[in-house]
Amino acid sequence: MRIPAHSVCTAIRDDIVSGVYERGSRLTEELLARRYGVSRVPVREALRTLESEGFVVTRRHAGACVAEPTEQEAVDLLEVRMLLEPLGAARAAQRRTDAHLKVLRGLVKLGQERARRGEGEDLRALGGWFHETLAQASGSPGLIAMLTQLRHKIAWMYAVEQPARPVDSWAEHGAIVDAVARGDADRARALAAQHAERAASVHRLRRPERTGRVPGPPRVSTSQHPVNTAGVRH
């Protein structure tokens, strides 16, 4: 069985985002292949993809390393998201399917219930699923890919605090879904823009500690990160 490069790419990206690999640390094909239980071929392909996404850089004499984004790059990401998410909501109002609408309404119902109960951890996951589904409803593969990559990079660079009034945040989600359901693209765009602007205020830039050490092999947790092989053909 050959593990596809996209599965390896997802595993490495998840570990970069979660901080398993420190910024600036080296990513050697041999160690990554051993960690994920794959050959070096899909690792090499995954590193190329991650470099194109901005998670990895290739340095002379060091090879592949985890990128070290600047604060300005991080600020730019939030600004780009504030432009793209409203566009996605407007397109969702024009292109959504009944299945998309059903999922969005279900997520809003769950989010509103758990916001009233103060279940913060569940709300973070539900919020991610909501925005992912809204992007999918746009029916634009290019836009979906850009928004997905933005979410990964923002999660890597920022810590997100719980909104002061999560009930209000989920009321905003509900209003966006209502506009999408009515096919009101202008309303959906305006509401999504307001929501994205408010959401940006709870993002706090992660400031990695400067240890002064020379970048070396990746420092990883002791637990293994198995690659998801679901759907891989034997």
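This is a predicted model: local features need pLDDT of at least 70, side-chain atom pairs count only at pLDDT 80 or more; totals for chains, interfaces and linings use all residues.
1. **Arg40 and Glu29.** The side chain of Arg40 makes a salt bridge with that of Glu29, at 3.5 Å from N to O. This ties together distant parts of the chain, since Glu29 sits in helix 2 (residues 29–36) and Arg40 in helix 3 (residues 40–53), with the two 11 residues apart.

2. **Glu29 again, now with Arg44.** Glu29 also has a salt bridge to the side chain of Arg44, with an N to O distance of 3.1 Å. Here too helix 2 is linked to helix 3, with Glu29 and Arg44 15 residues apart. Arg44 has 34% relative accessibility, so Arg44 counts as partly exposed. Put together, Glu29, Arg40 and Arg44 form a network of salt bridges.

3. **Arg198 and Glu172.** Have a look at this pair as well: their side chains meet in a salt bridge at 3.0 Å, N to O. Arg198 belongs to helix 9 and Glu172 to helix 8, and they are 26 residues apart in the chain. Arg198, at 45% relative accessibility, is partly exposed, whereas Glu172, at 19%, counts as buried. The cut-off for buried is under 20%. For the whole model, the count is 10 salt bridges.

4. **Helix 1 against helix 7.** These two helices pack at about 35°, and their axes are 8 Å apart. On the helix 1 side the contact uses Arg13, Ile16 and Val17, which meet His152, Ala155 and Trp156 of helix 7. By class, that contact has four nonpolar residues, one polar and one charged.

5. **The largest pocket.** The largest pocket holds about 1,200 Å³ of space. It is lined by 40 residues, and those closest to its centre are Arg124, Gly127, Gly128, His131 and Val160.

6. **Who builds the pocket?** Which helix gives the most to the lining of the largest pocket? That would be helix 6, with 10 residues. Other elements that each supply at least two lining residues include helix 1 (5–17) and helix 7 (141–157), along with helix 4 (71–95) and strand 3 (158–160). Helix 8 (166–182) and helix 9 (185–200) also each supply at least two.

Key:
Residues are numbered from 1 along each chain as its sequence is written. Side-chain values use heavy atoms; hydrogens and water are left out. On a 1 Å grid over the protein atoms alone, a cavity is a set of points where a 1.4 Å probe fits but cannot get out, and a pocket is an open set with protein on both sides within 12 Å along at least five of seven lines; lining residues have an atom within 4 Å of a point. Grid points are joined across faces, edges and corners, and a volume is the space filled by probe spheres set on the points. Helices (H or I, at least four residues) and strands (E, at least two) are DSSP runs, numbered from the N terminus. Axes are lines fitted to C-alpha atoms, for helices over the stretch in contact, and angles run from 0 to 180 degrees between N-to-C directions. Contact means heavy atoms within 4.5 Å. Ala, Val, Leu, Ile, Met, Phe, Trp, Tyr, Cys and Pro count as nonpolar, Asp, Glu, Lys and Arg as charged, and the others, Gly among them, as polar. A salt bridge is a side-chain nitrogen of Lys or Arg within 4 Å of a carboxyl oxygen of Asp or Glu. Buried means under 20% relative accessible area, exposed over 50%, partly exposed in between (1.4 Å probe, protein chains only).
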